[in-house]
Amino acid sequence: QVQLVESGGGLVQAGGSLRLSCAASGSIFSIIMGWYRQAPGKQRELVAAISGGGSTDYADSVKGRFTISRDNAKNTGYLQMNSLKPEDTAVYYCSARVRSWSGDVVDYWGQGTQVTVSS
């Protein structure tokens with residue numbers, strides 16, 4: 001079993017920055033981490049993802065503003081969000097595709113953290 005604990009959301013003015021963290025704990029051999037967001041009345045969408053080797057992928061709407069990173073030693077992922085816009089307002093969810101030491105692959109989700117950007 002793996003647990004994901006998120007932190008770092010909050011209220012910020014447009015143009016500001018926030019940094020989200022997602023700490024994973026449990027039986028982890030390898031992990032692909034990602035961040036999704038869901039705004040009211042909209043579907044959950046992928047914001048960014050990072051592989052164990054450091055390859056990254058971003059939604060077009062956040063390219064150049066958001067940066068995903070990870071600390072493999074701590075099994076912790078980060079999402080640095082700069083130049084925030086009101087349309088970035090959403091609940092942000094950490095996700096992890098975990099391969100355990102037994103070889104099982106399971107997807108996990110964090111509890112979600114609210115990010116609100118005021119205009």
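## A tour of the salt bridges

Start by selecting Glu45, which is partly exposed at 36% relative accessibility; buried means under 20% relative accessible area, exposed over 50%, and partly exposed in between, with a 1.4 Å probe and protein chains only. This is a predicted model, in which local features need pLDDT of at least 70 and side-chain atom pairs count only at pLDDT 80 or more, while totals for chains, interfaces and linings use all residues. Residues are numbered from 1 along each chain as its sequence is written, and side-chain values use heavy atoms, with hydrogens and water left out.

Glu45 and Arg37 form a salt bridge, with 2.7 Å between the closest N and O atoms (a side-chain nitrogen of Lys or Arg within 4 Å of a carboxyl oxygen of Asp or Glu). Arg37 is buried, at 6% relative accessible area.

Next, select Asp88 and Arg65. Their salt bridge has its closest N and O atoms 2.7 Å apart. Asp88 sits in the loop between strand S8 (76–81) and strand S9 (90–99), and Arg65 in the loop between strand S6 (56–58) and strand S7 (66–71), so the pair ties together parts 23 residues apart in sequence. Strands are DSSP runs of E, at least two residues, numbered from the N terminus. Both Asp88 and Arg65 are buried.

Now show Arg37, Glu45, Arg65 and Asp88 together: salt bridges with shared partners join these residues into one network.

Move on to Lys63 and Asp60, whose side chains form a salt bridge at 3.1 Å, N to O. Asp60 is exposed, with a relative accessible area of 65%.

For the overall tally, a search of the whole structure finds five salt bridges.

Note on methods: Helices (H or I, at least four residues) and strands (E, at least two) are DSSP runs, numbered from the N terminus.
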